[in-house]
Amino acid sequence: MKDVDVLIEALPYIKKFHEKKILIKYGGHAMVDDEAKASTARDTVFLKYIGMKPLIVHGGGPEISRSMDKLGKESKFIKGLRVTDEETMEIIEMVLVGKISTEIVSELIKNCGKAISLSGKDSSLIFAHKKGVHKVNEELVDLGLVGEVDDVNTDLLDMFLENDYIPVISPVGIAEDGTSLNLNADTAAGEVASAIGAEKLIILTDVPGVLRDPSDPNSLIQKIRISEVPGLIEDGIISGGMIPKIETCVKAIENGVKSCHIIDGRKKHTLLWEIFTDNGIGTMIFE
């Protein structure tokens, strides 16, 4: 009976989100742990088969660093941000486009999904400009070939969605002169979600969501209005690497995305629990 109750609880959400675009940002264990990768891919295909239109943007920072180590290239960071010279950019493209994206596509296909691997360079999918010198914590820094998104080719994405494909997007942008640019994956996900008018932006991480007490996984904050965000940052509840994720969510909602969700990619079927149950499983940010 319990399983039937879960299905009945899911019914209004299946109806509500039918034909809606759902942008899923793959990160953390959802990309590196074999069991989590398979589970996340299966859940993504499930969303497709019940009438939603999922898209994926993925990261790959740890894998990029490992590949750079293997190739004898030192990873350099300024205030936690990767410095990207031409050689580093080549490695980033090799890892994101040539390895991670195709692996995700393979997982989706194994679960009977139609998927296509796309770089932000394909048909100028993500048009960007070089960030240039800017301030990080009051210090001027130049990160090299790091980009900021200017425009997203939504016609290309709509073409694939209308033909039942799940686009898998690597966060590599293209500049006006054809230069490849390294994009922050969370930011790219937010920009794509905003451009296509996504119903939801879901960010898979390795934490349960936003916690009032980082040492207590039971202190999860289930819902946050964007008006509450500045106070939570000031109080130190939203801190560190969670701040840019939340800022991405706030910007996406301001640009028309209905809700954003930060959920734990380590848990099985976390996508389905968040979308199809009343209480969800992570933190929802909304207007």
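Which residue forms a salt bridge with Lys 99, the closest N and O atoms being 3.0 Å apart? In this predicted model, the partner is Glu 103. A salt bridge is taken as a side-chain nitrogen of Lys or Arg within 4 Å of a carboxyl oxygen of Asp or Glu. Both Glu 103 and Lys 99 belong to helix 5, where they are four residues apart, about one turn of the helix.

Residues are numbered from 1 along each chain as its sequence is written, and side-chain values use heavy atoms, with hydrogens and water left out. Because the model is predicted, local features need pLDDT of at least 70 and side-chain atom pairs count only at pLDDT 80 or more, while totals for chains, interfaces and linings use all residues.

Helices (H or I, at least four residues) and strands (E, at least two) are DSSP runs, numbered from the N terminus. Helix 5 covers residues 86-110; at 1.5 Å a residue its 25 residues should span 36 Å, and the end C-alpha atoms are 35 Å apart, which agrees. The expected span is 1.5 Å times one less than the number of residues. After the helix comes Cys 112, which has a positive phi, near 70°. Buried residues of helix 5 include Ile 91, Val 95, Ile 104 and Glu 107, where buried means under 20% relative accessible area, exposed over 50%, and partly exposed in between (1.4 Å probe, protein chains only).

The structure holds 18 salt bridges. Lys 99 also pairs with Glu 63, the closest N and O atoms being 3.6 Å apart. This pair links distant parts of the chain, with Glu 63 in helix 4 (residues 61-70) and Lys 99 in helix 5, 36 residues apart. Glu 63 is buried, at 16% relative accessible area, whereas Lys 99 is partly exposed at 33%. Glu 103 is likewise partly exposed, at 31%. Glu 63, Arg 66, Lys 99 and Glu 103 are linked in a network of salt bridges.

Lys 121 sits in the loop between strand 5 (115-119) and strand 6 (126-130), 28 residues from Glu 93. Relative accessibility is 28% for Lys 121, which counts as partly exposed; Glu 93 is partly exposed as well, at 21%.
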